[in-house]
Amino acid sequence: MINLQEQIGLFKIIGSQLKNNVECIAIGGSAMMFYGAKNATKDVDLVFLKEEDLIAVKKILYSSGFDERKNIKGIFREDEDSGKPVMMDGKETRFDLFLNEVIGYKIHEKVIERIRDIHEFSNFIVKTASPEDILMMKGCTERERDRDDAAELIRKFNIDWSIIVNETSQQTKIGIAAFPLLLYDFLRELEDNFTTDVPEHVMEELLIIAEKRIKELSKKDQLIKVTKYKK
Amino acid sequence: MDLMSIAKKLEGLQTIDSIAKNLDINRRTAINYIWMLRKKGFVETIYGKRKIRMYKISPIKTPRLGYPGLYEYLNQYSKIKVYAPYTNRIYDHKPTTEEIIAKAVKTGDLRTILSSLALFNKVKNWQRLSKIARKELIGRKIGALYDAAKTIIKVRHIDKRARKALLNSKIENKYIVKNARTKDLKQIENMWKVYLPFNKADLEAYKE
């Protein structure tokens, strides 16, 4: 586990060794620490929009004592290679480096527009994803600690639910077709287990989006495939 | 209602009156709420025109580490305030005025650039400004903006060497703000061979 100060220290090390400007988006616990919504995180999740940026950071992490984890099956969808991160294991923390998407959640223009903070560490520029996007990305996973984080996000932030609905509609087209169903299940679970308040109309709209997508796909003789992650 | 829910409900900029209206309470109770919220660290007070107090309320106590970035710096030192589309923090070093000017020009945003003109009176190291500007390929743009600023506000004198370096520097394109050209400051435009984005009337904002 690392706290914000240690995370900043690591980012400074990366920034000082980069030769050119590298931009990335912090998501998950890493972003939540920047928002002051979490004290420590187990893994630092970063999304890059350029492959060369990811490779540059990976090289620096390697030279700083982080080793790449080769076998990452069992955590992510078995049948999908896309969205799998480069995992760099350190002594006390792990960097998960994603490229353009996070386990099927596509990073596009709107996600970038919603960015709230920009943190500069010399040549390393870390932007923080909006709480809405972090919440939706958490919805793609099945990890227990992600549910805790999501519940905390809903509790602490004024979540703009219209963003969630619009983005779900977008992601089901460009990302995982089953995204609204996964998110629906995730939010229902949060309501049941963490007594978080999710407006009922949002839940209804998620189902409508899912039904609409199923109809669209069935016209093309396709089905929505829902593959849950291994626990 | 607990303080967290109140902070969530009031998130954003508020005045005492708007708080009273939002929560349907009287002014005195609104002042008490602000006092309690401030104690919990949910409130930051800023002053509007005529020294009217405004309260920036957020349910999240964001840690303020590092040094202020572009927008915070501009709002601190320039008369023309800008809306910050995002929070910017710099961690590895304290940003210099010269760096902030270059960053402002690179945004390509009219108001941000207009606001940055005030910083020409704070430049201490013209060589540094010239070096950054040339590296970012905005040298002549910065030179033209300096001359434009000189027409309306007091600025520090640029040293000849830096001016010459800026004048001979390469730029990516002639527009400081995309497709914006001046009607009044043609002489400066011709000298620096770039298009200035504002007219004299825009610069009058510094005299208000």
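How many residues does the contact take from chain B and from chain A? In this predicted model, 16 residues come from chain B and 19 residues from chain A. On the side of chain B that touches chain A, the element giving the most is strand β5 (residues 87–90) of chain B, with four residues. Sorted by class, that side of chain B holds seven nonpolar, four polar and five charged residues.

Strand pairing also links the two chains. Strand β10 (residues 117–121) of chain A is joined to β5(B) by four bridges, and these two strands run parallel. Within this pairing, the residue opposite A:His119 is B:Arg89, which lies in β5(B).

Within chain A, two domains are assigned: domain 1 covers residues 1–129 and domain 2 covers residues 132–231. Taken over C-alpha atoms, the centres of domain 1 and domain 2 of chain A are separated by 23 Å. The contact between these domains takes 22 residues from domain 1 of chain A and 18 residues from domain 2 of chain A. On the side of domain 1 that touches domain 2, the elements giving two or more residues are α2 (28–35), β8 (101–102) and β9 (105–106) of chain A. Of these, α2(A) gives the most, with four residues. By class, this side of domain 1 of chain A comprises 11 nonpolar, five polar and six charged residues.

Definitions and conventions:
Residues numbered from 1 in each chain as written. Chains lettered and ligands numbered in written order. Predicted model: local features only at pLDDT ≥ 70, side-chain atom pairs only at ≥ 80, totals over all residues. Contact = placed C-beta atoms within 7 Å. Nonpolar A, V, L, I, M, F, W, Y, C, P; charged D, E, K, R; others polar. Pairing = 2+ DSSP bridges. Domains from an automatic or database assignment.
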